Amino acid sequence: QPRPVLFLVHGSSNSTRSSYDLTVPGKGEYSLMNVFARYGYDVWTMDHDGYGYSGSSGNNSDIASGVVDLKAAMPVVLKETGRQKVHFYGTSSGGIRAAAYAQAQPETVDRLLLCAFTYKGNGAAEIERRRQSIEALRASPRRKRDADMIRSIFTRDGHPSLYDLAVPEAIIAAEMKFGDTIPSGTYLDMAVNLPIVDPTKIKSPVLMLRGEFDGNSTHGGLPDFYRQLPNGDRQFVILPQIAHSAGYSTNRHLLWYAMKNFLAAPAPIA
């Protein structure tokens, strides 16, 4: 029988395979695709323009172009799976991409899961750092993303002990074959153009997930977005002992648990 479909949307700094189908030898399961395939989902993902295997059109792959990418992907996914709606999960700027798509194409979105999301970004340490690099981000459609930058993803929130040190090295091995630059558009959007998503226009059920130590948002900022969501079928979960990159965390099983429960929730009777 056709399985429910879960589509995973990647973030700013890594392509989709290292984001959602990573192998870390000897360290356990890090593939979110494997986990949810075992739970009974037909799991899909893709590289956005300029990442991984996608090649590049030369643009900076901002949030708006990410929505265009998703609009192009959905007819393929719906045809292949026979579904009319798809569950979406996005992390970091992938969450902004997924939410912006849900705002633009609500008829194809079933349940929406936003992890490490950023709404306005005010007071968030990582967003403030990006705001100091606006001119450089505007100057080029691509930015530097070398091995040291990948390692910094796991230290910038101040809690490197929440990750296994083998994880960034596995990502480096997977990503460096694509070169040491990636698109700058989502970083620029998050520095200059927030808020990008209007929560009042998100019609689907929504799960918001935030790591306890996530520098891309604040505990006070995201509830403002959550309160404005019009669908009563919504949840806000703070994941303990997790920083920004929940799927790479030692405690990633807490992410899987919250996602699984929300996706499997029975529909309310209206």
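**View 1. Strand β5 pairs with β6.** Here 5 bridges tie β5 to strand β6 (residues 109-115), and the two run parallel. Strands count as paired if DSSP finds at least two bridges between them. Look for Gly90, which sits opposite Leu114 in β6. This is a predicted model, so to speak: local features need pLDDT of at least 70, side-chain atom pairs count only at pLDDT 80 or more, and totals for chains, interfaces and linings use all residues. Residues are numbered from 1 along each chain as its sequence is written, and side-chain values use heavy atoms, with hydrogens and water left out.

**View 2. Strand β5 pairs with β1.** Strand β1 (residues 5-9) is joined to β5 by 4 bridges, again a parallel run. Phe7 stands opposite Phe88 in β5.

**View 3. Both faces of β5 are covered.** On one side are Val86, Phe88 and Gly90, on the other His87, Tyr89 and Thr91, and all are buried (under 20% relative accessible area, with a 1.4 Å probe and protein chains only). That makes 6 of 6 residues for β5 (residues 86-91).

**View 4. The fold around these strands.** The protein has 11 helices and 10 strands (DSSP runs: H or I of at least four residues for helices, E of at least two for strands, numbered from the N terminus). Its radius of gyration, taken over C-alpha atoms, is 17 Å, close to the 18 Å from the globule rule for 270 residues, so the protein is as compact as a globular protein of that length. That rule is 2.2 Å times the number of residues to the power 0.38. Of the 270 residues, 53% count as buried.

Note on methods. Buried < 20%, exposed > 50% of the residue type's maximum accessible area, 1.4 Å probe, protein only.
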